[in-house]
Amino acid sequence: MNDAWKALADPTRRRILELLRKRDMNAGEIAAEFDISKPSISNHLGILKSAGLVDTIRQGQNIIYSINTSVFEDILSAIYGFTKKGEDN
């Protein structure tokens with residue numbers, strides 16, 4: 001879960017997740033939304049994948065990225081646990 005928190009700390013990665021929330025995309029489509037290099041986008045995608053925040057599937061020569069909602073459910077559960085006062089977690 002620590003990797004997920006670190007991945008979410010970066011605004012570029014949060015923006016990538018916002019894009020993927022709308023629809024699955026390949027790396028080229030994601031890169032077209034930013035004014036940074038494709039290798040930088042690739043690095044951000046690698047961090048998101050390592051953190052479990054995105055899933056990938058190969059379609060021909062493309063890798064399609066999609067958001068992994070189960071990790072977000074875990075994060076929300078952790079946040080909810082932080083807000084519970086006086087109860088055992």
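Before listing any neighbours I write down that a contact, or one residue touching another, means heavy atoms within 4.5 Å. I also note that what I am looking at is a predicted model.

**Entry 1: the whole chain**

I looked up the secondary structure first, and the protein chain has five helices and three strands, which run in the order α-α-β-α-α-β-β-α from the N terminus on. I then looked up the extent of the C-alpha trace, which spans about 50 × 25 × 20 Å along its principal axes. The chain has 89 residues, and buried ones make up 34% of them. Of the contacts with a separation of 6 or more, 50% are between residues 24 or more positions apart.

**Entry 2: surface and charge**

The accessible surface of the protein chain comes to about 6100 Å², and carbon and sulfur atoms account for 48% of it. I looked up the charged side chains as well, and there are 12 positive and 12 negative ones, with the centres of the two sets 4 Å apart.

**Entry 3: the core**

I reminded myself that in soluble globular proteins nonpolar side chains tend to be buried together. Which residues touch the most other members of the largest nonpolar core? In this core of 20 residues they are I16, L20, I30, I41, L48 and L53. At least two residues of the core come from each of α1 (2-8), α2 (11-22), α3 (27-31), α4 (38-50) and α5 (69-83), and the largest share, four residues, is supplied by α2.

I then followed I16, leaving out residues up to four places away in sequence, and found that I16 touches I30, F34, I41, H44, L45 and L48.

**Entry 4: N68**

I found N68 in the loop between β3 (62-67) and α5. Is N68 buried or exposed? The cut-off for buried is under 20% relative accessible area, and N68 counts as buried because its relative accessibility is 14%. The side chain of N68 makes a polar contact with the side chain of S70, at 2.7 Å. Setting aside residues up to four places away in sequence, I noted that N68 touches G52, L53, V54 and D55.

**Entry 5: E29**

I found E29 in helix α3, and at 30% relative accessibility E29 counts as partly exposed. Not counting residues up to four places away in sequence, E29 touches R23 and D24. I also looked up the pair E29 and K6, which are 23 residues apart along the chain and whose C-alpha atoms are separated by 24 Å.

**Entry 6: Q61**

Where does Q61 lie? Q61 is in the loop between β2 (54-59) and β3. The cut-off for exposed is over 50%, so Q61, at 79% relative accessibility, counts as exposed. Lastly I looked up Q61 together with L76, and these two are 15 residues apart in sequence and 35 Å apart in space, taken from C-alpha to C-alpha.

Terms used. Residues numbered from 1 in each chain as written. Predicted model: local features only at pLDDT ≥ 70, side-chain atom pairs only at ≥ 80, totals over all residues. Heavy atoms only, no water. Buried < 20%, exposed > 50% of the residue type's maximum accessible area, 1.4 Å probe, protein only. Areas by Shrake-Rupley, 256 points an atom, 1.4 Å probe, with all protein chains shown as cover. Lys, Arg positive; Asp, Glu negative; His and termini not counted. Charge placed at Lys NZ, Arg CZ, Asp CG, Glu CD. Core = buried A, V, L, I, M, F, W, Y, C linked by side-chain atoms within 4.5 Å. Polar contact = N/O pair within 3.5 Å; in protein donor to acceptor, adjacent residues only side chain to side chain.
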